[in-house]
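Colleague: I would like to learn how to read a model like this one. Could you take me through it feature by feature?

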Amino acid sequence: VHETTGHLAIRDDWLRQLESVATAIKARIQGLEEEIAEQTEENELCANELDRHRAGRQSIEMHERMIKQKDGVLARLDRLAELEETIRERAALHKSRRARQTERKERLGNLVNQYQDVNAQLATLGNELASTRRALKGKSSYQLQENAMNLKSRKQLLLSALSLWNRIWAGYEMIEEKRSFLNSLRLKIDHNQANVATLTSETDRLRRLCKEKEYTYLLSKSQNVIKLRGDLKEGVSCSLCGATHHPYHCDTMLEQSKIIGELKTELEMMEAELKQKESLLLDLRMELSEMQGQRKAEEKDLLAVTERQEKDVKEWQLYSSMDNSFKDCTPSTNREARQSMIRQLIENTSKDATDAQERLDRFNYRQSYISELSEKIVALEQRKNELNVALNELNTSCQVMAGQVEFMQDLIEKGNKTFQQVYEEVNALM
């Protein structure tokens, strides 16, 4: 048992060793397998590269002869590159010159259109100028101005005549009114003078009566008179005056006092009446003085109005030749008819003056329009000459540019032919 156990232990150690060796061998095998796989992959890559090189070699075997002649081919290829660059430069130059040619053709077309437009404008302006001159044929600026000024002057004269006629007619009416007023004022003055004379006579008479009454009253107050009055008897002559009738005879003092009172009352009444008449007389005289002063002022004013009216009538003679009906300038002239006539003449003259001014304005406008057209024609003629010069220069430039473009086109075609020949040679060699 112990021996067997010993053998088993030995076998176990050996087994463990073998297992470790097996593990190592397995690891080695795995490493080798990985190495084999890598090597296989590398072999495959090498095989693929070999196949590629074989294919490349097979593809260039056909160019072997060309490679042997590489110097000639490279020289021709360089020549082709030079030709290509030259052709490209010539094409660019040809394109720029062609663009310049197109631009100059467009400019030439624009100039031609402008030249045609200028010719059309010149023809139009020439027709307008001719028609305007035909419209002015036979007309004179001086005559038109003189006609317009004469009509304006006639209108002003008619307006002055209308104003003067209104003033003359107002003067006639004023003279008539003042004469009527003076006549009525004269009648009033005569009436007042008669009243003043009558009232003066009455006042003088009343003043005398007042003095007499005052004397009687003062005398009645005297004691001697009172005594003498008592001695009077009806039918017996007074010792003082010799009268046989004695209205103031009184037998008693009471009657004497009553008489004196009555005399006083009568005196006061007469004095009051006298003062009233004197006051009335004073008012009448003041009123008469005012009316006389007013009459003098009105007569003076009438004289001034009459003198002014005479001057206006004389001045009217300046306008009497404007119409046959203007010769009469008296108060009997129909005011409304003459005013209507003057207004009608003013209206007609205004219309004629307006027409004349319009004709003058049209004439002046046409004159200025002719000057304006002439200036425009001169400017267009100058522009036409400038365009003509520019057209000649641009036409010459276009012809030169066309020659250059054609020359460049020939060079490009020759370069293309040369390029084609060299290309065919290279192609033949290759």
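Colleague: In which helix is Thr 354 found?

Modeller: First, a caution: this is a predicted model. Thr 354 sits in helix H7, which covers residues 335-429.

Colleague: Is Gln 339 buried or exposed?

Modeller: Gln 339 is buried, because its relative accessible area is 10% and the cut-off for buried is under 20%. Now pair Gln 339 with Ala 161. They are 178 residues apart along the chain, and their C-alpha atoms are separated by 9.6 Å.

Colleague: Let us step back to the whole chain. How many helices and strands does the secondary structure come to?

Modeller: Seven helices and zero strands. Read from the N terminus, the order of elements is α-α-α-α-α-α-α.

Colleague: What share of the 430 residues is buried?

Modeller: Buried residues account for 24% of them.

Colleague: And what share of contacts joins residues at least 24 apart?

Modeller: Start with contacts between residues at least 6 apart in sequence. Of those, 83% join residues at least 24 apart.

Colleague: Which residues form a nonpolar patch on the surface?

Modeller: Trp 14, Leu 15 and Leu 18 do. Together they have about 310 Å² of accessible area. Leu 15 belongs to helix H1, residues 2-61. Leu 15 counts as partly exposed because its relative accessibility is 43%.

Colleague: Now a polar side chain. Where is Thr 200 found, and what does its side chain contact?

Modeller: Thr 200 is in helix H4, residues 141-220. Its side chain makes a polar contact with the side chain of Arg 285, at 3.3 Å. Setting aside residues up to four places away in sequence, Thr 200 touches Leu 281 and Arg 285.

Colleague: Is Thr 200 buried or exposed?

Modeller: Thr 200 is buried: its relative accessible area is 18%, and the limit is under 20%.

Colleague: On to charges. What is the general idea behind a salt bridge?

Modeller: Side chains of opposite charge can pair when their charged atoms come close. The cut-off used here is 4 Å, from a side-chain nitrogen of Lys or Arg to a carboxyl oxygen of Asp or Glu.

Colleague: How many salt bridges does the structure hold?

Modeller: Ten. One of them joins the side chains of Arg 79 and Glu 82, at 3.9 Å from N to O. Both residues lie in helix H3, residues 70-136, three residues apart, or about one turn of the helix. Arg 79 is partly exposed at 39% relative accessibility. Glu 82 is partly exposed too, at 47%.

Colleague: Which residue forms a salt bridge with Arg 88?

Modeller: Glu 84 does, with the closest N and O atoms 3.1 Å apart. Arg 88 and Glu 84 are four residues apart in helix H3, so about one helical turn separates them. Arg 88 has a relative accessible area of 45% and is partly exposed. Glu 84 is partly exposed at 41%.

Colleague: Where do Arg 295 and Glu 299 lie?

Modeller: Both are in helix H6, residues 253-316. They are four residues apart, about one turn of the helix. Arg 295 counts as partly exposed at 22% relative accessibility. Glu 299 is partly exposed at 34%.

Colleague: Which residues do salt bridges with shared partners join into one network?

Modeller: Glu 84, Glu 85 and Arg 88.

How values were computed:
Residues numbered from 1 in each chain as written. Predicted model: local features only at pLDDT ≥ 70, side-chain atom pairs only at ≥ 80, totals over all residues. Heavy atoms only, no water. Helix = DSSP H or I, 4+ residues; strand = E, 2+ residues; numbered from the N terminus. Buried < 20%, exposed > 50% of the residue type's maximum accessible area, 1.4 Å probe, protein only. Polar contact = N/O pair within 3.5 Å; in protein donor to acceptor, adjacent residues only side chain to side chain. Contact = heavy atoms within 4.5 Å. Patch = residues over 30% accessible without salt bridge, like charges linked within 9 Å, V, L, I, M, F, W, Y side chains within 5 Å. Areas by Shrake-Rupley, 256 points an atom, 1.4 Å probe, with all protein chains shown as cover.
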